[in-house]
Amino acid sequence: MSEDRIVMEVKGDGMAGSDQESMEEHFLKKFLKYRRICVQCHDNPDADALASGFALYRYFSENDVDVRFIYGGPNAITKPNLVMMMRDLEIPVEHETESVEADLLITADCQYGEGNVQRFEAPVVAMIDHHQCGVIQDENCYIRSNLASCSTIVWDLLRREGIDANDDIHLATALYYGLYSDSNQFEELFHPMDRDMRDDLKKDDAMMFRLINTNLSIGELNVASRALNAQRFSKSGHFSVIETENCDPNILGIISDFVIQVEEIDTCVAYNPNPGGYKLSVRSCVAVAKANELAAFLCEGIGNGGGHLNKAGGFISGDLFERTHPGEAIGEYLSARMEAYRDAYEVIYADTYEIDTSDMKRYEKKAVTVGYAKATWFLKRDTPILVRTLEGDVDLIVEDDLYLMIGVEGEVYPIREEKFRKSYTTTDTKPEIEAEYAPTVRDNIYGDVYDLTDYMKPALATGGTRILARKLDRGVKVFTAWDPDKYYRGEPGDYIVVREDDSHDIYVVRGNIFDKTYALC
């Protein structure tokens, strides 16, 4: 594997790092000055609303605050899994439709004044949510729309107060189920913090089994049956598009899981109308199409999508879709995008591909400072590990010569010691790396998690590494000689690269990183 391949890239977003950390560190504690607090989730609560509100309720009650947990709206909770969740996890939520008496009202999994939140008057209002912000924020608002669930936000806020949700198995199970439900059965985990919570929580497995298997009613079974009978199949594209009636998002996952088992189908998307737009559930069973990438492609510019290699999901905004595709049916749009995705990329198998270098220019690596850590500094040899950063996870086995490099924008890539010695020298100059999420390494045997930056040392790229490169004008998927089972994607503006001394060491470097690390010879 070349040391220049960009496996993962970390990019910051939102407020400045120090301001955000300060806000997170003290956000819950500052509300303990209020004598009476009301925690409110949205009308017709789902599992994430119940879980995140429950966690806040527990925090305030255990700090001797007089606290209530409520939801409004005309309808009481009747869905079997939610009734079971409230009963068996002892969630003391109340259905309130009149008024509340509180010094502080704090909304969970919703925003005060939104259409799905009954308005209760209160002298002070605070908000914790993971949906797109629809209100003017102040110091009492904590909204992280890049996270899959509000449960994740509250779990992290509790951690910052020194509270371990695993001390209460009911709370841990509720938070786990909240994320599971709001991420379409963990298919839409865009952010590593979501994956951290999923992996950290010690839930009641028997309870989770009961909750997961109490999701489908006879009516929803009929919805699935009608959707399957009406699915559209593309014989040339080997994909299926399935429309369902408005239903619980988990039903989409059940439908797409069933359809992807059909021999002739390589990829599929199930979708349904949802308040505000359309929910998608995406599946792939072929190496040349990653479900998370396909979901992002379907939602590009009009929503968001992501998840895992084989299972993913997304959401398309109804307003954005109407503005950008006036008069077009959503089913027709999705079918066209499925075709476009297939045609958008050239597939390259590096170990057998004979690359044409006639229009490629010669470059040399610049002398830039990066970070590195030798895996055996903190892990035993032969340990299976998972390296986690913003763009995803990669599985590796610890070997004596395995180094983990942290690049100029926080991207992480493994290289061998021989190549490290040829390409880098140690230095005292610290690299300037800004990342929203510090990359971590998880021991897959014992579950221990290591912050890679705790072990990082600086290294200086010595220059001299020569490559041939061409800026891409269309997408590529490169199955590298190092890892022939997984491709690395390049988009227009990125660079297709081959080492001058090895015509089969072909890989992709992102455009913004290429400009910082290479110079024309």
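User: What covers the buried residues of helix α7 in this structure?

Analyst: The cover includes α3 (80-88) and α5 (169-182). Keep in mind that this is a predicted model.

User: Which residues of α7 are buried?

Analyst: Within α7, which spans residues 205-212, Met207, Met208 and Leu211 are buried. The arc they cover around the axis is only 100°, so they sit on the same side of α7.

User: Which contact is found at the start of α7?

Analyst: A side-chain oxygen of Asp204 comes to within 3.1 Å of the backbone nitrogen of Ala206.

User: Leu221 is in helix α8. Is Leu221 buried, partly exposed or exposed?

Analyst: Burial is read from relative accessible area: under 20% is buried, over 50% is exposed, and values in between are partly exposed. Leu221 has 45% relative accessibility and therefore counts as partly exposed. The helix that holds Leu221, α8, covers residues 218-229.

User: How many disulfides are there?

Analyst: A disulfide is a covalent bond between the sulfur atoms of two cysteines. A search of the whole structure returns zero of them. Take Cys268: the nearest cysteine sulfur belongs to Cys285 and is 8.4 Å away, whereas the cut-off for a disulfide is 2.5 Å.

User: Are Cys268 and Cys521 buried or exposed?

Analyst: Cys268 is buried, at a relative accessible area of 0%. Cys521 is exposed, at 52%.

User: Where does Glu96 lie, and what does its side chain meet?

Analyst: Glu96 belongs to the loop between β3 (93-95) and β4 (104-108). Its relative accessibility of 13% makes Glu96 buried. The side chain of Glu96 forms a polar contact of 3.0 Å with the side chain of Arg68. A polar atom of the Glu96 side chain also lies 3.4 Å from the backbone nitrogen of Ser99.

User: Which residues is Glu96 in contact with, leaving aside neighbours within four places in sequence?

Analyst: Arg68 is on that list, together with Ile70, Tyr71, Gly72, Gly73, Gln118 and Phe120.

User: How many salt bridges does the count give?

Analyst: The count comes to 37. Arg198 counts as buried at 18% relative accessibility, while Asp199 counts as partly exposed at 29%.

User: Which parts does the salt bridge between Glu332 and Arg232 tie together?

Analyst: In that salt bridge the closest N and O atoms are 3.2 Å apart. Glu332 is in helix α12 (residues 330-343) and Arg232 is in strand β7 (residues 232-234), so the pair ties together parts 100 residues apart in sequence. Glu332 is partly exposed, with 45% relative accessibility, and Arg232 is partly exposed at 34%.

User: Are Arg499 and Asp501 buried or exposed?

Analyst: Arg499 is buried, with a relative accessible area of 13%, whereas Asp501 counts as exposed at 61%. Their side chains meet in a salt bridge of 3.3 Å, N to O.

User: Which residues do salt bridges with shared partners join into one network?

Analyst: Glu293, Lys477, Arg489 and Glu491 are joined in this way.

Methods:
Residues are numbered from 1 along each chain as its sequence is written. This is a predicted model: local features need pLDDT of at least 70, side-chain atom pairs count only at pLDDT 80 or more; totals for chains, interfaces and linings use all residues. Side-chain values use heavy atoms; hydrogens and water are left out. Buried means under 20% relative accessible area, exposed over 50%, partly exposed in between (1.4 Å probe, protein chains only). Helices (H or I, at least four residues) and strands (E, at least two) are DSSP runs, numbered from the N terminus. The arc is that of the directions from the helix axis to the C-beta atoms. Contact means heavy atoms within 4.5 Å. A polar contact is a pair of N or O atoms within 3.5 Å; within protein, one must be able to donate a hydrogen and the other to accept it, and residues adjacent in sequence count only if both atoms are side-chain atoms. A salt bridge is a side-chain nitrogen of Lys or Arg within 4 Å of a carboxyl oxygen of Asp or Glu.
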